[in-house]
Amino acid sequence: MSSPIFHIVLIEPEIPQNTGTIGRMCLAVGARLHLIKPLAFDIDEKAVRRAGLDYWKFIDLEVHESIEDFLKTVPSDAQKIFVETRRDRTIYDVKFQRGSYLFFGKETTGIPKNLLETYAADVASIPMFDDRVRSLNLSNCASIVAYEAIRQLQLP
């Protein structure tokens, strides 16, 4: 497969439907999907076929044993954006680059605190305008950020 437009990184995803939706979006836009273990569900062929994910075999997918192992494989000069709720910097403040790594945390707890501290300058959020909303659905977030990156990169 050719070089991906960007990378979507899901850290320990918990909800298979979210991961399936994000995988479909990655296929649609030419992004590579990285899943960081542990996963809360199976992604073997039988499990995804049972879930009706007949496109899963076409997804540019890599599964990694841990976030630490994965980060060792990311080029040091690659742009890394960690998407988390309620930050001063939003995705509209980011100038996305081709080949960026877009990180999303697990549905229940988000991105691990140590990563948010280590990469504090690389954290951005999706604006929300009502404080009663704690967070957005993970698959919605990945799509919003992916399409903002595509818009900025002026891709078709």
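Reply: Two strands count as paired if DSSP finds at least two bridges between them. Keep in mind that this is a predicted model.

Me: OK. How do β1 and β2 pair, and over how many bridges?

Reply: β1, residues 7–11, and β2 pair in the parallel sense, with five bridges. Within that pairing, L10 stands opposite L35 in β2. Between the two strands the chain passes through helix α1, residues 16–29, and this β-α-β crossover is right-handed.

Me: What does β2 pair with besides that, say β3, and in what sense?

Reply: β2 and β3 (residues 61–64) run parallel and are joined by four bridges. The bridge partner of L35 in β3 is V63.

Me: Is β2 buried or exposed?

Reply: Mostly covered: five of its five residues, 32–36, are buried.

Me: Which way do its side chains point?

Reply: R32, H34 and I36 point one way, L33 and L35 the other way, and all are buried. In a regular strand, side chains alternate between the two faces of the sheet.

Me: What is L33 in contact with?

Reply: Leaving aside neighbours within four places in sequence, L33 contacts I8, L10, I22, G23, C26, W56, I59, D60, L61 and E62.

Me: Switching to the cores. Which residues of the largest nonpolar core touch the most other members?

Reply: F6, I8, I22, L33 and F104, out of 31 residues in that core. At least two residues of this core come from each of β1, α1, β2, β4 (80–83), β5 (101–104) and α5 (138–152). α5 gives the largest share, seven residues. Another core, of 16 residues, lies apart from it and has I36, V74, A78 and L116 among its members.

Me: Which residues of α5 are buried, and what covers them?

Reply: The buried ones are L138, S139, C141, A142, V145, A146, E148, A149 and I150. The elements covering them include β1, α1, β4 and β5.

Me: How far does α5 reach?

Reply: It has 15 residues and reaches 21 Å from its first C-alpha to its last, close to the 21 Å expected at 1.5 Å a residue. Just after α5, Q154 takes a positive phi of about 55°.

Me: Last topic, rings. How many aromatic pairs are there?

Reply: The structure holds four. Ring pairs link F70, F82, Y101, F103 and Y119 into a cluster.

Conventions. Residues are numbered from 1 along each chain as its sequence is written. This is a predicted model: local features need pLDDT of at least 70, side-chain atom pairs count only at pLDDT 80 or more; totals for chains, interfaces and linings use all residues. Side-chain values use heavy atoms; hydrogens and water are left out. Rings of Phe, Tyr and Trp (its six-membered ring) pair if their centres lie within 6.5 Å; planes under 30 degrees apart count as stacked, over 60 as edge-to-face and the rest as tilted. Buried means under 20% relative accessible area, exposed over 50%, partly exposed in between (1.4 Å probe, protein chains only). A crossover is right-handed if, with the strands pointing away from the viewer, the path from the first strand over the helix to the second runs clockwise. A nonpolar core is a set of buried Ala, Val, Leu, Ile, Met, Phe, Trp, Tyr and Cys residues joined through side-chain atoms within 4.5 Å. Contact means heavy atoms within 4.5 Å. The expected span of a helix is 1.5 Å times one less than its number of residues.
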